[in-house]
Amino acid sequence: MQHKHKRSRAIALPNGEFRARATEYLDFLAAWVKKPRQTASVVPSSRYLARLMVAQVDPADGRVLELGGGTGVFTRAILQTGLPPEKLEVVEINPAFARGLRRHFPHVSVLETPAQIVSTATAGEPGEYQTVVSGLPLLAMDRHMHMDILSESFRMLQPGGSFVQFTYSMRPPVSREVIDALDLDVVRAGQTVRNFPPATVFRFSRRGQ
């Protein structure tokens with residue numbers, strides 16, 4: 001009696017997508033080895049986290065600013081909402097990541113400018129941005145840096161706009177002292193265990209808006 005062997009079923013990615021993800025992982029790992037505190041994780045964020053981060057992006061609304069573009073996981077998700085590339089600007093101060101972003105997203109403006117002074121380099125004016133999507137490792141930064149980054153971000157945002165940030169903690173990565181000083185509200189927008197490490201997304205907005 002012959003036994004039929006069951007064929008294992010594997011989910012295969014298209015060759016182009018597989019190569020892109022492999023490149024993203026290697027680039028991210030190299031950056032982590034050089035600057036672990038700045039990079040914060042040994043792997044890029046997952047597409048599940050990216051979907052949470054861009055859930056409120058409206059392709060028909062204002063401009064979008066991404067802070068800490070990394071290998072482009074959030075950048076890709078933002079563009080997949082249908083937002084025109086000319087309405088997206090990505091801030092990335094790591095030269096290797098910036099080169100990769102320009103290569104993969106040639107129609108997106110990549111700014112090698114610190115997030116605290118991003119208004120000096122953006123194409124859009126203060127008040128023209130609907131959302132700031134942040135991949136910055138805020139937990140590795142101090143309160144003064146949080147104040148500067150959030151102040152600059154809300155300077156760029158239109159009324160009702162939001163600053164979206166993920167963290168590997170269950171609590172917001174910004175202290176209540178900073179939140180109150182800037183007159184902000186913060187809500188948990190979602191979380192996913194389909195990321196390494198598991199991540200929580202928080203949305204910051206001006207009080208009363």
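**View 1. Asp-183 counts as partly exposed, because its relative accessibility is 43%.** Here, buried means under 20% relative accessible area, exposed means over 50%, and partly exposed is anything in between, using a 1.4 Å probe and protein chains only. This is a predicted model, where local features need pLDDT of at least 70 and side-chain atom pairs count only at pLDDT 80 or more, while totals for chains, interfaces and linings use all residues. Residues are numbered from 1 along each chain as its sequence is written, and side-chain values use heavy atoms, with hydrogens and water left out. Asp-183 sits in the loop between α7 (176-181) and β6. Helices (H or I, at least four residues) and strands (E, at least two) are DSSP runs, numbered from the N terminus. Take a look at the backbone too: the phi of Asp-183 is positive, near 60 degrees, in a residue other than glycine.

**View 2. β6 and β7 make a hairpin, with six residues between them.** Pro-197 is found in this loop, between β6 (184-192) and β7 (199-206). The peptide bond that joins Phe-196 to Pro-197 is cis, with omega at about -5 degrees. As for the two strands, β6 and β7 pair in the antiparallel sense over eight bridges; strands pair if DSSP finds at least two bridges between them.

**View 3. Strand β5 (residues 157-167) is largely enclosed by the rest of the structure, because nine of its eleven residues are buried.** On one side, five bridges join β5 to β4 (residues 129-134), and these two strands run parallel. Tyr-129 stands opposite Leu-157 in β5. To get from β4 to β5, the chain passes through helix α6 (residues 143-156), and this β-α-β crossover is right-handed. That is, with the strands pointing away from the viewer, the path from the first strand over the helix to the second runs clockwise.

**View 4. β5 is also joined to β7, by six bridges, and these two run antiparallel.**

**View 5. A search of the whole structure turns up three aromatic pairs.** Rings of Phe, Tyr and Trp (its six-membered ring) pair if their centres lie within 6.5 Å; planes under 30 degrees apart are stacked, over 60 edge-to-face, and the rest tilted. The rings of Phe-74 and Phe-166 have centres 5.7 Å apart and planes at 85 degrees, so this pair is edge-to-face. Phe-74 lies in helix α4 (residues 73-80) and Phe-166 in strand β5, so the pair ties together parts that are 92 residues apart in sequence. Both Phe-74 and Phe-166 are buried. Next come Phe-163 and Phe-204, with ring centres 5.9 Å apart and planes at 75 degrees, so they are edge-to-face. This pair links distant parts of the chain, with Phe-163 in strand β5 and Phe-204 in strand β7, 41 residues apart. Phe-163 counts as buried because its relative accessibility is 0%; Phe-204 counts as buried because its relative accessibility is 0%. Finally, Phe-74, Phe-166 and Tyr-168 form one aromatic cluster.

**View 6. Arg-194 lies over the face of Tyr-48, at 4.0 Å from the ring centre.** A charge sits over a ring if NZ of Lys or CZ of Arg is within 6 Å of the ring centre and within 35 degrees of the ring normal.

**View 7. Arg-63 counts as buried, because its relative accessibility is 16%.** This residue lies in strand β1 (residues 63-67). Leaving aside neighbours within four places in sequence, the contacts of Arg-63 include Glu-86, Glu-89, Glu-128 and Tyr-129; contact means heavy atoms within 4.5 Å.

**View 8. The chain has a mean pLDDT of 86, with 79% of its residues at 70 or more.** Over residues 1-13 the pLDDT is below 50, and beyond near neighbours in sequence this stretch has two contacts in the model. Residues 36-42 also have pLDDT below 50, and beyond near neighbours in sequence that stretch has 22 contacts in the model. pLDDT is the predictor's confidence in each residue, from 0 to 100.
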